[in-house]
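This report describes a structure in terms of its strands, helices and nonpolar cores. The sequence and the coordinates come before the text.

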Amino acid sequence: MARFLRVDKTRIVDEEGNEVVLRGAGLGGWMTRVELFYAIAARKGLNDDAIGYPGCEFQIREALASVLGSQKSEYFFDKFLENFFAEPDAAFFKSLGLNCIRIAVNYRHFEDDLQPRVLKPEGFKHLDRAVAACAKHGIYTIIDMHTAPGGQNGGWHSDAGTHIANFWIHKDFQDRLVWLWTEIAKHYKDEKVRLARLRSPVERHDRFVPGEQWIAGYNPMNEPADPQHSGLVNLYDRIYAAIASVDPNHMLFLDGNTYATDFSGFPDDAGTRWQNAAYAIHDYSVYGFPDAPEPYERTEEQRRRMRRSYEKKRAWMDERGLCVWNGEWGPVYARKEYEGDAMEEINERRYNVLNDQLELYAKDRLSWSIWLYKDIGFQGMVHVSRLTPYMELFKDFLQKKYRLAVDSWGADDKFVRDVYRPIVQLIKDDVPNEEHRKLYPFPVWTVEGRVARLARCMLLSEFLVREWAEHFRGMSEEQLDRVAESFKFENCLKREGLNKVLRDHARLATSG
């Protein structure tokens, strides 16, 4: 029987003091627009290449409502959420020897911008169901606020429609997030998980399960990017106090600043100031992406660079004896329809990246969560079959998205590189002082990266939003059902190479 987890110095332990190493994945853009729309957008959240849409989630929802009407549009999104993660997914996940799922959520599921601080009655509907499905199969969950009011960073996955992180500029956005975390903590404080919303045709429950605690904790903010650094510390003070006032038991997972890479602005007394907290890094390796400096050959120098990048991210915590959690990481993978005959060789290299990172983490007994469980074929452990209605519907559109490289996440810009290169050169020529080009969040965003995000992944992708929505025009609810059912586990394929690496390491961990 699971009990509350807690932090004991550098370790996560159960109530008896036994170490618990969390190993798992994020659901991705399930409740954050990352995965349905990985077929259209830019990087984690409903992740564009996880699901295949362009732009931000609020833009996608508005566009679909204009095509179908609000009622049918909401019907489709509800069915998508229902089908994307259910008991068969949890059972498969557990079969790999994994024990934790990070559930990314968008604040818009719980409140409306025009009715702030009014909790939507349906807000917890799907989140409760996912938590219950995981609990039934002995899987811990971490609730991740992936999208905050106003946008906590300039990425598209913050669903703010701008590269300016307005969350840090307007206090009301911050107040709303503190309020929302208080409501979430109230809802889950005793962890009486209602299983009534498990929509299995075989069994339906209408009861609570008392005494079991399967929520590992709360991840108050994904990848904050506070230019002043001090605002994040003040926010964590407020959220910590608000959650503790109603739920003193669940632990917190606190992301570092600047996309979970920088802890230099954190207070030296963090260990006593924020008790029962782990500190979250995001350890994506450069060798796991198309723009890697060279193919990954597992050379000593490449391994050294991988190890140094990881050690640098966690150094602040190690110096102070604090608990570290790697909340996001993992390569992206080649696809036959895009990379052709090179797919298998590319993916074998990426599986080696995954394996070698896991070897690093095993030495430190690090808890970790790769980014993605399910998508449309770019990074997930399982992905929607090409033969499903959704993939057939968007086959040509996805090809266009790939060619235009409007996805920020792991995109290959080889077809449009020459279009954007003059913009980069113009900036470098007319802003010759290199220091003036280091705009926050440099070095996470270089000049090249900033141009790609603003011109390609935000501006260009906006013009594809209505085209994506038009694919649904004239559909009945029955047709929408069939499209949404594309995301059911039974309609997905398993990425065997990825899952084998995860399964093998899980076995080693449990046997060791």
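At what angle do helix H3 and helix H5 pack, and how far apart are their axes? In this predicted model, helix H3 (residues 70-84) and helix H5 (residues 125-136) pack at about 10°, and their axes lie 10 Å apart. Angles under 35 degrees count as roughly parallel, so H3 is roughly parallel to H5. On the H3 side the contact is made by Asp78, Leu81 and Glu82, and on the H5 side by Lys125, His126 and Arg129. Sorted by class, this contact of H3 with H5 has four charged residues, one polar and one nonpolar.

**The barrel**

Eight strands form a closed barrel with parallel pairing, in the order E3-E4-E5-E8-E9-E10-E11-E12. On average, neighbouring strands of this sheet are turned by 25° against each other, direction ignored. Strands of a sheet pair through backbone hydrogen bonds, either parallel or antiparallel.

| Strand | Partner strand | Bridges |
|---|---|---|
| E4 (residues 100-106) | E5 (residues 140-147) | seven |
| E3 (residues 23-26) | E12 (residues 367-370) | three |
| E11 (residues 324-328) | E12 (residues 367-370) | two |

Individual bridge partners can be named in these pairings. Arg102 has Ile142 of E5 as its bridge partner. In E12, Trp368 is the bridge partner of Arg23, and Asn326 also stands opposite Trp368.

Which residues of strand E12 point one way, and which the other? Ser367 and Ser369 point one way, whereas Trp368 and Ile370 point the other way. All of these residues are buried. In a regular strand the side chains alternate between the two faces of the sheet.

**Nonpolar cores**

In soluble globular proteins, nonpolar side chains tend to be buried together. The largest nonpolar core of this model holds 120 residues. The members that touch the most others are Phe85, Leu127, Tyr218, Tyr279, Tyr373, Met381 and Phe472. Helix H6 (residues 171-188) gives the largest share of this core, with eight residues. Apart from this core lies another, of 18 residues, with Leu5, Ala135, Trp214 and Ala216 among them.

What does Phe85 touch, leaving out residues up to four places away in sequence? The contacts of Phe85 are Leu27, Trp30, Ala90, Ile101, Arg129, Ala130, Ala133, Cys134 and Tyr373. One of these, Arg129, is also among the H5 residues that make the contact with H3. Another, Tyr373, is itself listed with Phe85 among the core members that touch the most others.

Definitions and conventions
Residues are numbered from 1 along each chain as its sequence is written. This is a predicted model: local features need pLDDT of at least 70, side-chain atom pairs count only at pLDDT 80 or more; totals for chains, interfaces and linings use all residues. Side-chain values use heavy atoms; hydrogens and water are left out. Two strands pair if DSSP finds at least two bridges between them. Helices (H or I, at least four residues) and strands (E, at least two) are DSSP runs, numbered from the N terminus. Axes are lines fitted to C-alpha atoms, for helices over the stretch in contact, and angles run from 0 to 180 degrees between N-to-C directions. Angles under 35 degrees count as roughly parallel, over 145 as roughly antiparallel, 65 to 115 as roughly perpendicular and the rest as oblique. Contact means heavy atoms within 4.5 Å. Ala, Val, Leu, Ile, Met, Phe, Trp, Tyr, Cys and Pro count as nonpolar, Asp, Glu, Lys and Arg as charged, and the others, Gly among them, as polar. Buried means under 20% relative accessible area, exposed over 50%, partly exposed in between (1.4 Å probe, protein chains only). A nonpolar core is a set of buried Ala, Val, Leu, Ile, Met, Phe, Trp, Tyr and Cys residues joined through side-chain atoms within 4.5 Å.
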